[in-house]
Every structure is written in C-alpha cells, then in structure tokens.
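Please read this briefing beside the sequence and the model.

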Amino acid sequence: MTTSRRTVITAAAAAGLVASAATTGTAHAKSGGDSAGKGGAVKEHFGTLADGTRIDRWTIENGRTRLRVLSYGGIVQALEIPDRHGRRANVSLGFDDLDSYVADSPYFGALIGRYGNRIARGTFTLDGKKYQLPINDGPNSLHGGDKGFDKHVWSVEAFRKGADVGLTLRRVSPDGEMGYPGALTVRVDYTLTAAGDFRIDYEATTDKATVVNLTNHTYYNLAGEGGGSVYDHRLEIAASRYTPVGKTLIPTGELAKVAGTPFDFRRTKEIGRDIREAHQQMLYGQGIDHNFVLDKGITSRPEHFLTVTEPESGRVMRIATTEPGVQFYTGNFLTGTFAGTSGRVYRQGDAFALETQHFPDSPNQPSFPSTVLRPGQTYRSTTVHSFSTR
C-alpha cells in the first residue's frame, strides 16, 4: 500500500538530498565490500547521505535464499530465491543506488513506522490529548509521516542463532518525532532460517503512551524483479472480511464480507482475475489497496494465512503472521517512472505488497483492535515468509 500522489524527482533534484551513491549495486560489491562478519554476513558501502552518513548494504545467505538489506530505512534491497530448476532470482523490487531510494521511492522494501498505513486527517486522540501528524497522502497521514522509519538510518548487527542467520536493526524514535508521543525504542530482526524462510520479528517499548503499527513494504514479483505483470500469480488468503474505504482510502469502520466481491481470495484465483471489475472499492483504490481481516485474528505465534504461486517459475510463497490483518496492494501506482535493479521499468501491476499489520486508522476506530502501547508493555509482531517450488 502506497500513496497515490506520485512525484517524479529528477537526478538533479536528488543530488541536493544525497551526495553520491551513483554507482550501481554491482559496482558497490566490487569496490565497497568489507570482510564477512558474524554469521557470514557481508557489509558493503552502498552510498553516502548529504550529511556525510555512510549507508551500508548487508548480505546474508542461508540455504538457497539470499537477502540484501540497507541500513537506510531497513530496506530489503533484494531477496533471491530459486525457481523449480534451482535458478535463483531476486523477487523484490528496488533500486541499484541510494539516490533513487532517497529521492522518490514508493517505500520499496522499507521498514514502516511508527504507524503503517493511513491515519485519517493525520490526527488521533489518546488519553484525552489530541496529536497532529504530518499530512502526506491527500488529507491523511501515511506510513508514519513524510519522514517515517523508511527515511532514517538504522544500526545493524549480524547474528547467528543455531542454524539461522540474521540481522538486528535498531533505532530510537524520539518523543514527538512526526508528532507521535513517547520515545519509542525499536528492534527488528531479519532472519533467514535453515529452511530458507525469511522471518521478521518486531519489538518496541515506549516511555509514554503512544500508537504503534510496524510492518515491511517489500514489493514482490515471484517471476523475478522486472518480470512484468503479477496478475497471473495465483493467490489464496484466509480472510472472510475486509475493511472497505472511502474515496481517500480511510476505512469506513465496516468489516464487510468478501463473498461476491473482487476481494474474495478464500479459494485460489489469479490476482488479476477481477482486477478490472467495476466495483466502487476497486475504483477508490485503482485496484486492490485494502486491508483484509484475517480469519485467524491476533495470535501469539505466526499462523499461516496466505499462499501465492507464480506458474512459470513454480515459486511459491506462504506467509504466516501474528497480526490480525494484511494490506494487499497490487502495485496500482507504479506508473512507469521507476527503473529497477534489472534496468526494466516498473508499471501498474508489476508487483504486489502484503503488509501484515493492525488495521488502518485504528487510533480513530474504537471497534478495531487497539494499537496503543503503554510504558511497561512490549510491542511484538512476527511475520514469516516461507518459499518452495511446484
């Protein structure tokens, strides 16, 4: 799920934001590589921000799965998995250079916070006090504001735990950042398991009551990044209801049945089968950009709720989560203004995002599961992506 307001920023404009990451990812690997770290992780120089901050790219590998992560935004720059013939390809959209991420990325691969998704009019009231957030998506606040977690530098440390390898990302979001109350201490673990699963564990604490909804915004194409439309991918979601939205994509508060609508993925069907249906919700989102209410609800351990298959490569991704919802976004605002790591241009429908989360605008919707975090409590959320072939 991303903003519908797309602004193309030229390389010249981007130069004012980033000072020099003009080489490609391949060049970084050749010229900026550091020695392998704990757990076999490799850290490479990826670019430098305008204030002189070095941005690194970390690479970890386990089995046939390889993951590349940036310290800028906690961005998943590449996720490489094999097809049915054992040929590995990157299945996540992204850029080869730091300039593009800083200048105008639609949240490719990024960590999202403090609040994933939209908050109506950028306001909420907590314990009798009203808070104002940045307005960065029409009349609403999206993904934590105009400088959310996706635009901050994270500390990164590699780890090994038994047969698993991973990266721990940390930062402290100060009290008042983007209008949110409380100093929020955040830890996110990206883990590749011995089975090649990609697991994300989120943890946060606060010193004041606040609202928190963390997620990851990786765009997937299981045919391979730059592989064209994902409308032929076959998808199944264990969700009998979804949250309809108004014209600015804020939920109405209703938990509507998916039965008889284009949002019914309870039985496997192609993503694009009903994408052109003249349903009012499809018109609002210019496709699917909606929160699905998972039948399993909130769980203490990740439970499987979704399977997606790409027929040509045979790649299969299964997702399990502790969260009660998933924002399913069909790349509606990829308009041909981005060229990715493959050198190919991204167009509408060339990827999908599956953002496990609590529901959009929950701070203003008392009937939705609460996103309030208080001192002494610990926010925890886990999502596991498992890969196989058919």
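The largest cavity holds about 60 Å³ of space. This is a predicted model, in which local features need pLDDT of at least 70 and side-chain atom pairs count only at pLDDT 80 or more, while totals for chains, interfaces and linings use all residues. Residues are numbered from 1 along each chain as its sequence is written, and side-chain values use heavy atoms, with hydrogens and water left out.

**Cavities**

- The structure holds three cavities of 30 Å³ or more. A cavity is a set of points, on a 1 Å grid over the protein atoms alone, where a 1.4 Å probe fits but cannot get out, and lining residues have an atom within 4 Å of a point. Its volume is the space filled by probe spheres set on the points, with grid points joined across faces, edges and corners.
- Among the residues lining the largest cavity are I200, Y202, T215, N216, L354, E355, T356 and H385.
- Strand 15 (198–206), strand 17 (215–217), strand 29 (352–357) and strand 31 (379–389) each give at least two residues to this lining. The largest share, three residues, comes from strand 29. Strands (E, at least two residues) are DSSP runs, numbered from the N terminus.
- By class, the lining of the largest cavity comprises four nonpolar, six polar and one charged residues. Here Ala, Val, Leu, Ile, Met, Phe, Trp, Tyr, Cys and Pro count as nonpolar, Asp, Glu, Lys and Arg as charged, and the others, Gly among them, as polar.

**Salt bridges**

- Side chains of opposite charge can pair when their charged atoms come close. The structure holds 20 salt bridges, each defined as a side-chain nitrogen of Lys or Arg within 4 Å of a carboxyl oxygen of Asp or Glu.
- E80 forms a salt bridge with R66, and their closest N and O atoms are 2.7 Å apart. The pair links distant parts of the chain, with E80 in strand 5 (residues 76–82) and R66 in strand 4 (residues 65–70), 14 residues apart. Both E80 and R66 are buried; buried means under 20% relative accessible area, exposed over 50%, and partly exposed in between (1.4 Å probe, protein chains only).
- D127 pairs with R374 in a salt bridge whose closest N and O atoms are 2.9 Å apart. This pair also links distant parts of the chain: D127 is in the loop between strand 9 (123–126) and strand 10 (129–132), and R374 is in the loop between strand 30 and strand 31, 247 residues apart. D127 is exposed because its relative accessible area is 57%, whereas R374, at 34%, is partly exposed.
- R187 forms a salt bridge with D189, the closest N and O atoms being 3.0 Å apart. R187 counts as partly exposed because its relative accessibility is 31%, while D189, at 12% relative accessible area, is buried.
- Salt bridges with shared partners join E61, R66, R68, E80 and R88 into one network.

**Two loop residues**

- R114 lies in the loop between strand 7 (110–112) and strand 8 (118–119). R114 is buried but has no salt bridge, and the nearest side chain of opposite charge, E177, is 5.0 Å away. For charge, Lys and Arg count as positive and Asp and Glu as negative, with His and the chain ends not counted.
- The side chain of R114 reaches the backbone oxygen of G182 at 2.6 Å.
- P375 is found in the loop between strand 30 (372–373) and strand 31. P375 counts as partly exposed because its relative accessible area is 46%.
- The C-alpha atoms of P375 and E157 are separated by 26 Å, and the two residues are 218 residues apart along the chain.

Note on methods:
Helices (H or I, at least four residues) and strands (E, at least two) are DSSP runs, numbered from the N terminus. A polar contact is a pair of N or O atoms within 3.5 Å; within protein, one must be able to donate a hydrogen and the other to accept it, and residues adjacent in sequence count only if both atoms are side-chain atoms. On a 1 Å grid over the protein atoms alone, a cavity is a set of points where a 1.4 Å probe fits but cannot get out, and a pocket is an open set with protein on both sides within 12 Å along at least five of seven lines; lining residues have an atom within 4 Å of a point.
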